[in-house]
Structures are given as structure tokens and as C-alpha cells.
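Trainee: I have a model open and would like to learn how to read it. Can we go through it feature by feature?

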Amino acid sequence: MGFTTQQIHAGVEPDPLTGSILTPIYQTTTYVQPSVDAYLSKGYSYSRSGNPTVRALERKIAVLEGGLDCTCYATGMAAIQAVALAFLNAGDHAIVSDVVYGGTHRFCTRVLSRFGVETSFIDTSKPDEVRRAMRKTTKLILTETPANPTLKLTDLAAISDIARSQGIPHAVDNTFLTPYYQRPLELGADLSIHSTTKYFDGHNATVGGAVVARTREQADALRFMQKAAGTIMSPQVAWLTLQGCKTLSIRMDHQSANALAIAQSLEKHPKVERVCYPGLESFPQRALARKQANGFGAMVWFEVRGGTAAGKKLMDSVRLWSLAENLGSVESLVTHPVTMTHADVDPAERKRVGITDGLVRLSVGLEDVADLIEDLEQGLRQV
């Protein structure tokens, strides 16, 4: 079946008791067992180790990503944590993309480091640099592509080949493109990570995370960590995310079309210094974007002439765009990464990887694109 059919039907079926077309919300901690000998015969005992509503979402995301299995978590960062705890031990070394979500950077530098795990932040868009960074103690490669917020791309097939040659997993944060546009496992990666808060939900209603695994061994390691650490997704969140999944492809296509039109408009604006969007002819890695993804996504960034002060003035002047940290929702959002999503990253490190003080990040929503462009133009007139 096609992706849009799968996003509606995969992993779910009408409730056998009532015929409800929607998966019920199993808001329970406890499952009564028929007998001692038949313990777990129905598959559930306690909701920290499994819940039917959450399991339906896990099955659906696994199908959409083309993976063996999926585990869902309380947040996207809980999903990152689960990958780290499942595959890293004290004394191990991890290679992580030099441009990643600020929370991932913070977790590596301020949490994993306390437990004897060393992280090297490497430009994973350059496979040779990844090869040079490999050590005998390297046990995980984690890439984020497109990267947050610079949209720098990593060649997933090339990095997966390096990981495979060393017998270690390659995990990919696939939040920005979702499996509708990019399927890391088909490109050789072992794990695909999502903040389901973003496009899977799509409505600013929940926080959640997911990890899809290629093999049974990897899936079992993640399932154990999910249960042991207790970083589980709630059934209410799973139910809402199941509903969001049904329109994922439709939303992504519309939002991406809006993003391209906005990027093209900004590229022509005299008050805009530069624009970055994978769908633009000017995007430096456009060939790779077309090679490993089926779409360009709905994230755009640009810089206003006049630097940080001008960028802040713009963000304080727009009316339709909401100044907020999230992304992927039906509402269009504008973010200043230096003061918001990446504030905890060392300023020198931000500068090194291209997260400039004047960078404005757009998460393009579903509004009429003419209204979004007009609001940006009236905001630019205030600069």
C-alpha cells in the first residue's frame, strides 16, 4: 500500500469489542491476568512495559519508516536518551553531527559526559572527517539531517557505510523530513529517531518521541531501556498522535509548497541578506537533497540585513507568525535559535557551525501562503 494509505490504516484496526474505528484510549496502569499460568497471555501487565494505545502508534510508525519495530517515549529528548543508554557504556565514544538540536548537544555535553561517555561533534556532511574521528571506543554515530537550524545535509548512505564497516549503529534524527520525505533505514541507517511533537502530531498538542529499529536485537535493546528508564509515552499522547499521523503527507506537501514560495520571495527581498532552503537552486547541497529525499520539508532560515538587531525587530513585528520554539505544526512559527533553541550551545561553537546571531528560523504552516508572505513583508518594512 502507498504511504498515505499506510498512515491511515497501518498498525490499527477497529476495536473488536465495539467496532470503534478509532483505537481506544487505554487509560490504565493495570491489566488483570486470567490465571498465573496464563500471565501475559493478552500481552500486557503494567503500562510502563506496554500499553495498547501506545503500541498501535509504535506499529504505525514502524511501518511508515520501513523498520522492524518502534518504541515511543515521553519526549523527543527521551528518544535520544534511550538510544544513548541502549548503545553506549562508560568509556565509549560517540560521533554526533556538529549541527544538532540544542537539547541533543546539551544532553551529550552535560549529561553523557558525567557518565564517562565522550562525544565528538563532527561535520558529518564530510564522510572523510567522520572516518578520521573514528576510534576503537566509538560505539555510535548520531546524525541529524537536515540539521537544526542550518539545514546542512548528511549523506546517509555514506555515513551508514562507515558505521557498518565498524560494526556500530548509525542513528538518524529524521524529525525535519519524516518518513514521508526521507527513510533513513532504506539508505542504510540502523535507527530513525523522531520528536513526534513535530510533524507526526502537527497541531501543537503533545510532546513525544519515537525510535524505529532495523533489527530485532536493536529493538529489544530499546524496549528494555524504555521499560527500565520509564520514559514512556502516555496513552492520551499516543491517541492524539495517531490522529495527527492520518494527515501527515497532506500537511507535509502543503507546508513544503508554502516553504518554497516563501523562500523564493525572501531571496528576492532587498532587506534579506541570505536565505537557506533545500528546494532553492542556490542551496549548496541541492543535489544531495534530491538524491536522498522525496521532498524538501517546511523549514527555512534567513538573515536580515542589519544583523541581530534587525532580525529581532522583524520577529517582534510579525503578526501571523508566532514567536515560539516548536516546529512542524499547522501554525507558522518563527524562532531565534541563538536566544531560544540553541541558547545553551557555546557562542564560539555556534559561530563555528554557522548558527549566527542574526539567523531567523521559520517553521512554515498551512496558512494561505500569500498571507504568510505579506506578514513577513510588513515585518521587514519595520526594520
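Mentor: Start with the largest cavity. Its lining is made up of Ile-80, Val-83, Ala-84, Leu-88, Ala-94, Val-96, Phe-107, Cys-108, Leu-112, Thr-119, Leu-140 and Leu-142. A cavity is a set of points, on a 1 Å grid over the protein atoms alone, where a 1.4 Å probe fits but cannot get out; lining residues have an atom within 4 Å of a point. Two or more lining residues come from each of helix 3 (76–87), strand 2 (93–97), helix 4 (102–110) and strand 4 (138–144). Helices (H or I, at least four residues) and strands (E, at least two) are DSSP runs, numbered from the N terminus.

Trainee: What is the source of the model, and how are residues numbered?

Mentor: This is a predicted model, in which local features need pLDDT of at least 70, side-chain atom pairs count only at pLDDT 80 or more, and totals for chains, interfaces and linings use all residues. Residues are numbered from 1 along each chain as its sequence is written, and side-chain values use heavy atoms, with hydrogens and water left out.

Trainee: What volume does the largest cavity have?

Mentor: About 80 Å³. A volume is the space filled by probe spheres set on the points, which are joined across faces, edges and corners. The structure holds six cavities of 30 Å³ or more.

Trainee: How do I read a pocket, and which residues lie nearest the centre of the largest one?

Mentor: A pocket is an open set of points with protein on both sides within 12 Å along at least five of seven lines. Of its 22 lining residues, Gly-76, Met-77, Tyr-101, Ser-195 and Lys-198 lie nearest the centre. Helix 3 gives the largest share of this lining, three residues.

Trainee: What about nonpolar cores?

Mentor: In soluble globular proteins, nonpolar side chains tend to be buried together. A nonpolar core is a set of buried Ala, Val, Leu, Ile, Met, Phe, Trp, Tyr and Cys residues joined through side-chain atoms within 4.5 Å. Buried means under 20% relative accessible area, exposed over 50%, partly exposed in between (1.4 Å probe, protein chains only). Here the largest core has 64 residues, and Leu-266 and Phe-302 are among those with the most contacts inside it. Another core, of 26 residues, lies apart from it and includes Ala-79 and Leu-88.

Trainee: How many disulfides are there?

Mentor: A disulfide is a covalent bond between the sulfur atoms of two cysteines. The cut-off is a pair of cysteine sulfur atoms within 2.5 Å. A search of the whole structure finds zero. For Cys-70, the nearest cysteine sulfur is that of Cys-72, 4.2 Å away.

Trainee: Which backbone angles deserve a look?

Mentor: Most residues other than glycine have a negative phi, and most peptide bonds are trans. In this model, Thr-145 and Pro-146 are joined by a cis peptide bond, with omega about -5°. Asn-148 to Pro-149 is cis too, with omega near 10°. Leu-151 has a positive phi of about 70°. Pro-146 sits in the loop between strand 4 and helix 6 (156–166), and Leu-151 lies in the loop between strand 4 and helix 6.

Trainee: Is Leu-151 buried or exposed?

Mentor: Buried, at 3% relative accessibility. Leu-40 also has a positive phi, near 70°, but Leu-40 is partly exposed at 39%.
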